[in-house]
Amino acid sequence: MDEVFEIQKEMYKGQQYSQIYYIRLHLIRTLIYSLLPNWKPHLPVCTVLGLEEGKECIIVGTLYKHMKLKPTILSEYSKERSAAPLVSPDNFVHADDVLVLEDESGRVNLKGNVLSPSVYVTGNVVALHGKETGGGDFFVEDVLEAGLPPQLDLPNKLGEDKYVVLVSGLNVGSSSSNPLQLQLLVDHITGHLGDKKEQRTAAQIVQVVVAGDSVHIQHGLLNGQNLASKDQSKLSEPIKELDIFLTQIAAGIPIDIMPGYNDPANFALPQQPLNKCLFPGSSAYNTFRSCTNPHLFDVDTVRFLGTSGQNIDDLKKYSEANDTLEFMERTLRWRHLAPTAPNTLGCYPFTDRDPFFVESCPHVYFVGNQDKYATRILKGSEGQVVRLISIPKFSETGTAVMVNLRNLECNTLSFGIQISS
Amino acid sequence: MNNKGNNGRKRPAQQQPAPPQPSKHVATTEIEDEYMDEDVFIEQNLVDEDELILRDMEDREALANRLEKWKRPPLSKAYHSHSQNIVFQQLEIDYVIGESHKGLIPNSSGSAAIIRIFGVTKEGNSVCCNVHGFEPYFYISCPPGMGPDDISRFHQILEGRMREANKSNKFSVPKFILRVELVQRKSIMYYQQHSSQPFLKIVVALPTMVASCRGILDKGIQIDGLGMKSFMTYESNVLFVLRFMIDCNIVGGNWIEVPAHKYKKSAKSLSYSQFEFDCLYSELISHVPEGEFSKMAPFRILSFDIECAGRKGLFPDAKYDPVIQIANLVTLQGEEQPFVRNVMTLKSCSPIVGVDVMSFDSEREVLLAWRDFIREIDPDIIIGYNICKFDLPYLIERAETLKIAEFPILGRIRNSRTRVKDTTFSSRQYGTRESKEVTLEGRVQFDLLQAMQRDYKLSSYSLNSVSAHFLNEQKEDVHHSIISDLQNGNPETRRRLAVYCLKDAYLPQRLLDKLMYIYNYVEMARVTGVPMSFLLSRGQSIKVLSQLLRKAKQKDLVLPNVKQAGSEQGTYEGATVLEARAGFYEKPIATLDFASLYPSIMMAYNLCYCTLVTPEDVRKFNLPQECVNKTPSGEIFVKSDLQKGILPEILEELLAARRRAKADLKEAKDPLVKAVLDGRQLALKISANSVYGFTGATIGQLPCLEISSSVTSYGRQMIEHTKRLVEDKFTTLGGYEHNAEVIYGDTDSVMVQFGVPTVDEAMKLGREAADYISGTFIKPIKLEFEKVYFPYLLISKKRYAGLYWTNPDKFDKMDTKGIETVRRDNCLLVKNLVTECLHKILIDRDIPGAVQYVKNTISDLLMNRMDLSLLVITKGLTKTGEDYEVKAAHVELAERMRKRDAATAPNVGDRVPYVIIKAAKGAKAYEKSEDPIYVLENNIPIDPQYYLENQISKPLLRIFEPILKNASRELLHGSHTRAISISTPSTGGIMKFAKKQLSCVGCKALISNKDQTLCSHCKGREAELYCKTVDNVSELEKLFGRLWTQCQECQGSLHQDVLCTSRDCPIFYRRKKAQKDMAEAKVQLERWNF
C-alpha cells in the first residue's frame, strides 16, 4: 500500500514547491467546505481577497508562520561574524511569531488570541471565522481543522492474540548500540528466549516493523574520494551486521524495514525503500520487505500508518506541545502527516498529489526514533479509535513495542543488559 | 505681456514641444548662454487649463471619489479672513518673474521677481507664499574719487549698456538698474588695516540681469573722466533664492511665520497648494530651528515605482514601451505606516489586501489617473529609487509619445509643465554623474539611489543589494523580460506584478526611515542654510558658501567673484602619513587621534581669507612678529587679536553647536527629538569638515590655497611632533617599563606601541600621552585617546586590521581598513576568505588554523568543489561594445549573450555577472568570461588558476606576509595545490564527436550491459558505492529544499512559483545549480534500481 509514497518514476524537471501547497490547499479545503454547514452555516465564505472590513466571514487557506528565530540559508551568506550566542537549535519558537493565512488570492495577517502561533505551523490548512479589521488584519474568532479522517471498522474484535512488533533506532554500528541487546531482541522474536509463556507470546508475533535509523554510517567517509579498503569496511560492516539480524528474523516472520534520517537513503520525504543491494542476505526471503517512510500497511484488517520520526521531530522544532503524542494527534486532526514539508522538512516537489494527506484513519499510528515510549488511544467524534505509539530508540532504551491486533493493546519488550563477568 | 504666462521657469534649449495655441504666448527670446546661470522664465511650458478637461467626466468623477478621502485636512477659516498668523515649515523656495504686486508695492511697475515659498503648516495644510519686493543686487568696489554725481552718471551709462544688451528681452521693465547706492563694506580677501571702503551696491530689476550686468562690468565700461574701466564684482554669483534666504535669515527647512493681516490671499490662485497668499519680504519672521520650531511638519511623502513592458532584449524605451503599472505609497512624516497604498494598472488586476487597486483600459488613463492622484494627494516630497533618472523622465516622455499634453502637470503650479533636462553633476568629492533633472515646482524630489551613491560606499547600488545591506532582506527581482509576460497573462499574473511593484515602492520609504534621511537632510539644510533640494543636486561648496555669506553679511564683508581660474593654480602637498612598520603586533597598540584636526588647526592659527597677509602687505604693514603666525608652508596670517577670522568663527559656532546638540541628545527622551538632534550633530560635523575642502577646491567658489596648504602643513607638523614627543617621553630612561614606538601615523591619528602586554595598561598610557601632548598644542587642537588595537595587523599605509577595544574587558569589533572586504570587482570568495582569515587570526588567534583554512579553500577551488556563486564577478555595463576602447570581459560577454539569446542578454545599465572559464591556450583574458548560468547548464570548467592568481593571491599575501616567513610558497604552492579536477563540458569543442557510454559507478570502467551499475570487479563494493550515491542525493535534496523554500519565503507566497532572477542574490546560482544537480543525481540513483 506504499505506492502513494513511491517516487521512482518522478523526476526533477524544474518544478517548484508551489504545486504541492496548491494541491494540499485544494484537497483539505474541499474537505473543510463539506464541514462548514455543520459548523457555522450562517456565515459566508470568502477568499482572502474578498474580505471586507468589519464583515464576519469564514476564510480557508494555508497558514504561514513568520518566525523570528527560524534559521535561513541566506544568513549563511550575509553573516556578520559575531560573538553573540546562537539560539538553541532544538526549538525556534518565539513569543513574537505571527501567523498569516494565504490562499491563491493573497495573504492576510492574523490577529486575536484564538489561534496560537505556538501550536500551528507553516503548511496547515484551516478554516477561520472572524473579520477584517481596519488595519487590514483578520481578527480570528474561531478555528476549524479538517478533523480525524473516517475509519474502516475493525471487524475481528474477538479472536486470538496476534502481535506486531515495532522497533526503531537500532543504530547498528554506533557507539550506543550493543550487539548483544539486539541479539536478545532477535532471539526473543524468533522464540529462542524465555520461558514457555514468553515463547507462546513470541509465537503470536505476526509482523515486525523496523521504523528507521537502523544503521549508523559515518558521513565523513562519504565525501567524494575513493575509500581505502580499511574505510570501506568501516562503512559496510554495520550494514552487513544489520543484514545478519534481519535475516534471522526474516527466516521466520515477515519483516518490514523503513528508512530513517540516518539510513543510507535519500533525505527528502517520502524516503524511498532502502536498496536491496544493501541486504543480500535478508532480501532473499519473501518475508522481507523494504518499505518507504512513511509506511502504510494492513496486518489482517488492522491499518498501520507510521513514520521514522522526521515529521514529528520537525514539528517539535517549530511548534510546541505537551508530549510527542499530542504532536501526533495534531497531524491526524490536520489530516496531514507532515505539514512542515516542504517549508522546513525536506520533501519531493510533487506536482499532482500530496501523499502526506491522510485519507483514511489508521488504527495504529506510530512514529519512530523518539526519546521515550508513550502510547494512548485517540477517539474521534465519529467513533474512530486510533492507537498512537511513540517508539523509542532501541539503541538507547533497549525497548521495542508490541501491539496486540486483537484489542490494540500495547506493551513493551525491554532488554536490559548488565554484563558482569 | 500676456498675463497667463506668469509662472514657470526658463530652461535653455531642449524644450518640450509647445502646447497648442501658441499664438496666445509671447515668443521666447534667445539669451546668451553665459547669462543663464540662474533660473528664469518661460511660457512654453504652460498649458491652458480649459483644455485639460478633455477626459470623460464620469471617469474622472469616479476616480475623484476614490481619491477624495486622502485629501489634506481642511483649511482653517481664519486664514481666509487674514486674522490668523500663518506658521509653516518651508521645504522648497524658488522664484518666478511676474507683474509686481500693485497692492503691496504701490509705486512699482513692470516685471519683478516673486519668491515662492512652499511649505506645510503644523496642521498639515499646504501653503504657497508669494514674497514680493525683494530685489536682486550685487556690489562693485567704488573707484576712488567717485562722488555722488559720478555715481548717477555711472548709473545712466550702465543703464544704457544694459538696455543695449537686453534689447531682445521680452520683459517689460521700466528700468534695468533700479538703484546704485554708495555703501561702506570691506572685501573678505586679505588682511586689511582700514576698517571699510566705499562700495557700490547695484540693484537690478530682475535676477538674470545680475549676470548680464556683471558681464558688462567685467569687460569694462567707458566713464567720463575715468576712462575705460573694468570692475571686480562682489557677490554677483549668489543665486537669487540663496540671496533672499541669507538676507531674511531663512535657513533650509525652517519655520516661517507671517503675522495676521500682513498677508493677502492671492486673487488668482496659481498653485495647487491649499492656501496661496502674497506678502512683503520684510514681513516674514524666520524662526531659528530650536524648541518648538525644531520639529517637523507632517509632510506628505510619496514613494512610487513604475513598471513598463519592455520588448525582449531591449531596455525599456519610452517611445515604444508602455507604462503598465504605477505603485504609490504615501506616508506622513513621523508616522510609521503609509496611509495610502495603491497601484494603478493597465488592464484588470486581482485585488490585493490592504491596497487600493485601480485598473484602467488604456495607458492614457493610467497616466492621467496618476496625475490626478498627485494633485489630490499633494505630496511635499517625492521619493523612489532612481526616479530622477528613470521613472519620472520615462513617464513624461511616454506621455509625450502618446500625445497626452495634459499629463505632465505634476508640480504645484497650475498649468506648468513638468520638464526633463539632462544635467551633469560634477563634484570633486562625488565625481561626475550624468543625470536628468525633472522640474516639479514646489515638491522636493529625493532619489534614494542618488543619496546612496553620495553617502555610502557599497559594492553594488541595486535596490536589491542596498536593501539587503541596510534592511537585511533580499528583494525579489523579476527580470524585465518576464514583466511583459506577466502583463500579457491574466488578472492574477498582473496582480503578481503589482505586488512586486508595490514592494519596490515600499523599499525606498523603508530605507528613508531606516537611515533617517529626512531628519539628516533637513538638519543639514538648517545648519548650512541652503534649501533641501540643493543638498542632493549640488556639491559641498554651496553649503560652505552659504555659511560664509551669512557670516560675512553680519560683518559687512563682501565676497569677491573670483574668475574661475581652473586648476592652473596647482596643487599643494597633502596630508602626511608616517611610514608604516608592517607587521603583526601581538601587543596592544594605542591610537591617539586628533579630534577634528583640520577645523582645530584653522581655529588655533586663525586661518581665514581675511587674516591672510599678502607678501607685499607683509612689507607694507610691517606687522610685529608677535601679531602674526607664519605657517610651515610659509604663509603669514594675523592673529585673532588683530583680526578675528570668519572661517574660525564659523567653525567655532559649528563645533559649539555640535557639542550642544550632543549634550541635548543625551538628555532627550522622545525618539523623534533624538532623531532630529542626532541628524543635527552629524550635519554639523560634516559641515565643519567641509570648510577646509572649500578653500582647497581650485574650481570652487572662492579657493584660497594659502589656507588649505597651511592647514595640511600644520597637520604634518603635528603628527611629527606627536611622534617625537611620544618616543622621547615614554622610554625606559624616563621611568617607563618599555620604550614606546610609533608604528604608524595617518592623517589625524598616531598608533603607538607602548610595549605593555595588556589593553588596560595601554589605555592608561594612551590617556597619559594624549593629555601630555595636548598640553603642548594651541587650543583647541586636542589629541584624544580613543581606542586600542589588539592584536593589530599592519600591512602597509592605509591598510590594516585589528580588534578594536574601547574598554579593557571586551573588544568592540573587528576593524579593517583598505582590505578587500567590499571591493566590487572581486568575487565573493575573496571577501569570504579574507574575512574568515582575519577572524581566525585576530579573534581566534589561530594562525595555523587560518593557514589550513586557506589551503582547504584553494584545494576546493582546484578540485572544482567551489560553490559557483562565490566565483561570480560583476561589472556594470555602461555603454555598448563599440564604445569601449579596450576590450573588457563583461562587455564581450554581453555581446556573446546577445547572440545566443537577445531576450535575456544584459543591456546597458545592467550589471553583468560572469565567471572566468578555462579556454584554449593563449586565449585573451576578455574571451574567458562566461555567463554563470550557461556555465552551470553546460558543465563548463572554470579556470581555477585565474582565481588563484588574479583574485585571491594578492589579498592573501598581503595579510600573511607580515605573519608567515614564506607566505607565497606555503600558501600558494604547497602540496594542497597538486590535485586538480576539471569538469567535462557537455557542449562545444570535441564533445560533439564524443559518444556516451555507461561506465561503472565505482571505477569508471566501461560496461557493456545496460542493466548493470558496476563492473564485475567492483561488485563487492556494492554497499559502499551505493551509500555514496545515495548520500550525494540526500545532501542535494537537503540543499534543494532549503534553497527553494527560502526563495518562497522571500517572495512572500507559498502558492505561486518563484520567478526571481536576482543575480545579486547569493543563493540564485546555488538554487539553479541545486535544481540541475538534483536531476542528475536522481538519474545516477536510478541506475541502482535494476
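Mentor: A polar contact is a pair of N or O atoms within 3.5 Å; within protein, one must be able to donate a hydrogen and the other to accept it, and residues adjacent in sequence count only if both atoms are side-chain atoms. This is a predicted model: local features need pLDDT of at least 70, side-chain atom pairs count only at pLDDT 80 or more, and totals for chains, interfaces and linings use all residues. Residues are numbered from 1 along each chain as its sequence is written, chains are lettered from A and ligands numbered from 1 in the order in which they are written, and side-chain values use heavy atoms, without hydrogens and water.

Trainee: Which residue's backbone nitrogen does the side chain of A:Asp97 reach?

Mentor: A:Asp97 lies in the loop between strands E2 (56–66) and E3 (98–103) of chain A. Helices (H or I, at least four residues) and strands (E, at least two) are DSSP runs, numbered from the N terminus. At 3.0 Å, the side chain of A:Asp97 reaches the backbone nitrogen of A:His94.

Trainee: How far from A:Asp97 is the nearest side chain of opposite charge?

Mentor: A:Asp97 is buried, where buried means under 20% relative accessible area, exposed over 50% and partly exposed in between (1.4 Å probe, protein chains only). A salt bridge needs a side-chain nitrogen of Lys or Arg within 4 Å of a carboxyl oxygen of Asp or Glu, and A:Asp97 has none. Lys and Arg count as positive and Asp and Glu as negative, while His and the chain ends are not counted. The nearest opposite charge is A:Lys65, at 4.6 Å.

Trainee: Which cysteine has the sulfur nearest to that of B:Cys279?

Mentor: A disulfide is a pair of cysteine sulfur atoms within 2.5 Å, and the structure holds zero of them over all chains. B:Cys279 is in no disulfide, and the nearest cysteine sulfur, 3.8 Å away, is that of B:Cys129.

Trainee: What is the relative accessible area of B:Cys279, and is that buried or exposed?

Mentor: Buried residues make up 57% of the 1090 residues in chain B. B:Cys279 is one of the buried residues, because its relative accessible area is 0%.

Trainee: Why is helix H6 of chain B called largely enclosed, and which helix do its buried residues pack against?

Mentor: Seven of the eight residues of H6 (240–247) are buried, so the rest of the structure largely encloses this helix. Among them are B:Phe240, B:Arg243 and B:Ile246. The buried residues of H6(B) pack against strands E1 (86–99), E2 (111–121), E3 (126–132) and E4, and against helix H15 (541–554).

Trainee: In strand E21 of chain B, which residue is the bridge partner of B:Ile383?

Mentor: B:Ile381 and B:Ile383 point one way from strand E18 (381–384) and B:Ile382 and B:Gly384 the other way, and all are buried. E18(B) pairs in the parallel sense with E14 (300–308) over three bridges, and B:Ser303 stands opposite B:Ile383. E18(B) also pairs in the parallel sense with E21 (444–447), over four bridges. There the bridge partner of B:Ile383 is B:Phe446.

Key
Contact = heavy atoms within 4.5 Å. Pairing = 2+ DSSP bridges.
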